[in-house]
Amino acid sequence: MIPVLTYHALNIRGNDYANNDHVAFASDLELINKLGWRIQPLHHIVDCLFYKGGSLPDKTIALTFDDATDFDFDDLPHPTAGMQRSMLNIMRDFAARHPEAQPGLHATSFVIASPEARAAMDRACIIDRNWMNDSWWPEAVASGLMGIANHSWDHNHECMERVAQRNQEKGNFFCIDTDADADAQIREAAQFITRRAPNPSVALFGYPYGHVNEFLSKDYLPRQGASSAPFVKAAFGTDAGMMTHASDRWNLPRYVCGWHWKSTDELTAILSSVS
Ligand SMILES: [Zn+2]
């Protein structure tokens, strides 16, 4: 029973746990450690559960970030909430405080591959400061603390003038339901990320919006996963639940901060439901 926790570093509406995922993440690392959970890289967990076998520590847990921005990697000044410690530096701070505590300390950042999509989102969804770069991906991988995973080519996001989707239907991922559209969103993204920052996490896919459809989860992704060198090995939605070897690897559950839990007590309740 493995919980996978998800944070959005862009979720900054103040500086309290409930309205700032950086604050929540720093606090949760301490809680996870205090409760005896063992952080492991998500790609390693996926390999152990579904591919190569191998044993995992009791009370294994994984950490993920969605919709990667530079807030994952760089300390940045938020216009209203002030300076924010990056998610990576929060992990480094934790490791400095507890040097031996979590040898598997690692988080998986699900990134949007297309440079045009990131530029459009930076203009439309952030504050047009050029805070959705890919220049930090290789350094994040080299830190040993972060993996760069696949959150699609362009998120099929409505801020884009043109998306890869064949009918220009935007704002959801349910309409990615042909081989051509799935290749454009998932295969092309995996190839781009691999060129920019080769790392084992690229074989993990996070469904944009948490939208999981039958075509992707029952047909397209299983077909790709069955090949000898799959570019995708597992896919994550946003249904609450624990991951086990019996889970559907093409629709794995995650707990999302700010949605499935909003406080230390609520996360404690989730974690104690299995420990
Ligand atoms: Zn997303």
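**Zinc site, strands and a helix pair**

User: Which protein atoms hold the zinc ion, and at what distance?

Analyst: The donors are Asp 67 through OD, His 151 through NE2 and His 155 through NE2. They lie 2.0 to 2.1 Å from the zinc ion. Keep in mind that this is a predicted model.

User: What spacing do the donors follow along the chain?

Analyst: D-x83-H-x3-H.

User: Is His 151 buried or exposed?

Analyst: Buried, because its relative accessibility is 1%, and the cut-off for buried is under 20%.

User: And His 155, buried or exposed?

Analyst: His 155 is buried too, with a relative accessible area of 6%.

User: Switching to Ser 109. Where does it lie?

Analyst: Ser 109 lies in strand β6, residues 107-111. Its relative accessible area is 0%, so Ser 109 counts as buried.

User: What does Ser 109 touch?

Analyst: Leaving out residues up to four places away in sequence, Ser 109 touches Phe 65, Ala 68, Asp 72, Trp 136, Met 146, Gly 147, Ile 148 and Ala 149.

User: Which residues sit on which side of β3?

Analyst: Thr 60, Ala 62 and Thr 64 are on one side. Ile 61, Leu 63 and Phe 65 are on the other. Both faces are covered. In a regular strand, side chains alternate between the two faces of the sheet.

User: How many bridges join β1 to β3, and in what sense do they pair?

Analyst: Strand β1, residues 4-7, pairs with β3 in the parallel sense over four bridges.

User: What about β2 and β3: parallel or antiparallel?

Analyst: Parallel, with two bridges joining β2, residues 38-39, to β3. There, Arg 38 stands opposite Thr 60.

User: Helices now. At what angle do α1 and α8 cross?

Analyst: Roughly 40°, and their axes come within 11 Å. Helix α1 covers residues 21-34 and helix α8 covers 264-272.

User: Left-handed or right-handed crossing?

Analyst: Right-handed.

User: Which residues meet there?

Analyst: From α1, Ser 27, Asp 28, Leu 31 and Ile 32. From α8, Thr 264, Leu 267, Thr 268 and Leu 271. The residues of this contact divide into four nonpolar, three polar and one charged.

Key
Residues numbered from 1 in each chain as written. Predicted model: local features only at pLDDT ≥ 70, side-chain atom pairs only at ≥ 80, totals over all residues. Heavy atoms only, no water. Axes fitted to C-alpha atoms, helices over the stretch in contact; angles between N-to-C directions. Left-handed = near helix turned anticlockwise from the far one by under 90°. Contact = heavy atoms within 4.5 Å. Nonpolar A, V, L, I, M, F, W, Y, C, P; charged D, E, K, R; others polar. Donors = N, O, S within 2.8 Å, 3.2 Å for Na, K, Ca; no water. Buried < 20%, exposed > 50% of the residue type's maximum accessible area, 1.4 Å probe, protein only. Pairing = 2+ DSSP bridges.
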